[in-house]
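Open the model in your viewer and keep the selection panel at hand. We will go stop by stop.

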Amino acid sequence: MISTLLLIGILVAIFVGYNIGGATTGPAFGPAVGADAISKTAAGALMTIFFFVGAWTIGRRVVDTLGRDLVHDPGVFTLEASVAVLFFIGVALFIGNVFGVPASTSMTAVGSIAGLALAAGELNWAVMGEIAIWWIVSPFIGFWVSLVIGRYFYAWLNRRIAMQRSEGPLFEVDRSGIVPTPTLTDTTNVREAGGVVMVIAIGCLMAYSSGTSNIANAVAPLVGSGELEMNPAIIIGCLAVGIGTFTIARRTLETMGNELTELPLTAAIVTATVSATLVIFLSAIGIPASFVIIATMCIIGLGWGRATRPITVSEAVRGEESAPVSVGALSEDREGEELPPIGEEEEPERIPKASDLFDPATTARVVLMQNVVPAIATIGAYVTFRFVPIFGI
């Protein structure tokens, strides 16, 4: 018989997974839904499938990190403590939603577990230090990789990827044969179809990267307590995420689809690819990562690289020239248009103001909340486990 407390723990884990599904589906498939490439239902299905694949393959390594390696003695994960940790994660997600900024569930989960371990005197500082170092380093890796792409390769990529979305459906089904065959409509060209397929593929990559990192946030405490085995825990967590993708994610898909389609297709593809690749790499070595922070730095780096094309590296190092930083600079490369070589002046109107690329105030609020919410979870968990007798820490 399953105990009442374990049932509560599973329900809280399902709640966390449900919120993860609702929060991560929009960033992954919002552009595809906004471009009418796929329906919200199809986006939910793809998100669920690729999240599960990521969780089942690489995600278990992050579960091990949070559920076993971050504490010296996994015995601190009593069932009561595990339920409380999941509660803190859920509350942090709620706080982030209240402020309109999705909290980093990975950072919040680490903070909650670290608070428990600190209270018990069992925190593995070596593992915690490794996680913290990667949290600092990975956004800068994304920034510099994106900067190089924006400065040297973005125009080349844009000439091959940029497209204008035509009106009407992309495909129609030819039912004249024995097997129905999808074909391009009269208003769709091959370039457009390829671009849309690429957007969907990038969404699947992001869903996979989300599974590798986020599954641990829902189930690691219960796995660490020994009350749930790894495989059943992953299945439960993925089912909860799937429910979220088909329900509350419909709103985030609408919002993210309208907002993210303002970012040019080329920029969206580069940002998503660099960010998802970094998250998958970190998950492969057992490090939970924040996709939102990495993606934000990638967008800034990409715009910075594009905006600094008019100056050479030597001029920048000597401080002889400076260029405005703008995300809007990304949208100035048009299909088939040749840009001047690196270091040569461009038309001033081609380099818009910084506010055209990203809103500094919004960026600061996102980064601030992404760090404040995990800090709240860490302090709250420490105080609770240190001074509330019921947990026996």
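Select Cys-204 in this predicted model. Is Cys-204 buried or exposed? Cys-204 is buried because its relative accessible area, 10%, falls under the 20% cut-off. Now jump to Cys-298. That residue is buried too, with a relative accessible area of 0%. How many disulfides are there? The count is zero.

Next, the aromatic rings. The whole structure holds six aromatic pairs. One of them joins Phe-87 and Phe-88. Phe-88 is buried, at 15% relative accessible area. Phe-385 belongs to one aromatic cluster with Phe-87 and Phe-88.

Move on to charges over rings. Select Arg-386 and Phe-387. Arg-386 lies over the face of Phe-387, 5.4 Å from the ring centre. Now pick Trp-56 and Arg-60. Which part of Arg-60 sits over the ring of Trp-56? The charged end does, 4.9 Å from the ring's centre.

Last stop: two helices. Select residues 40-69 for helix H2 and residues 230-246 for helix H7. Their axes come within 9 Å and cross at roughly 145°. The crossing of H2 past H7 is right-handed. Colour the contact between H2 and H7 by residue class: 13 residues are nonpolar, six are polar and three are charged.

Methods: Residues are numbered from 1 along each chain as its sequence is written. This is a predicted model: local features need pLDDT of at least 70, side-chain atom pairs count only at pLDDT 80 or more; totals for chains, interfaces and linings use all residues. Side-chain values use heavy atoms; hydrogens and water are left out. Axes are lines fitted to C-alpha atoms, for helices over the stretch in contact, and angles run from 0 to 180 degrees between N-to-C directions. Helices (H or I, at least four residues) and strands (E, at least two) are DSSP runs, numbered from the N terminus. A crossing is left-handed if the near helix is turned anticlockwise from the far one by less than a right angle, and right-handed if clockwise. Ala, Val, Leu, Ile, Met, Phe, Trp, Tyr, Cys and Pro count as nonpolar, Asp, Glu, Lys and Arg as charged, and the others, Gly among them, as polar. A disulfide is a pair of cysteine sulfur atoms within 2.5 Å. Buried means under 20% relative accessible area, exposed over 50%, partly exposed in between (1.4 Å probe, protein chains only). Rings of Phe, Tyr and Trp (its six-membered ring) pair if their centres lie within 6.5 Å; planes under 30 degrees apart count as stacked, over 60 as edge-to-face and the rest as tilted. A charge sits over a ring if NZ of Lys or CZ of Arg is within 6 Å of the ring centre and within 35 degrees of the ring normal.
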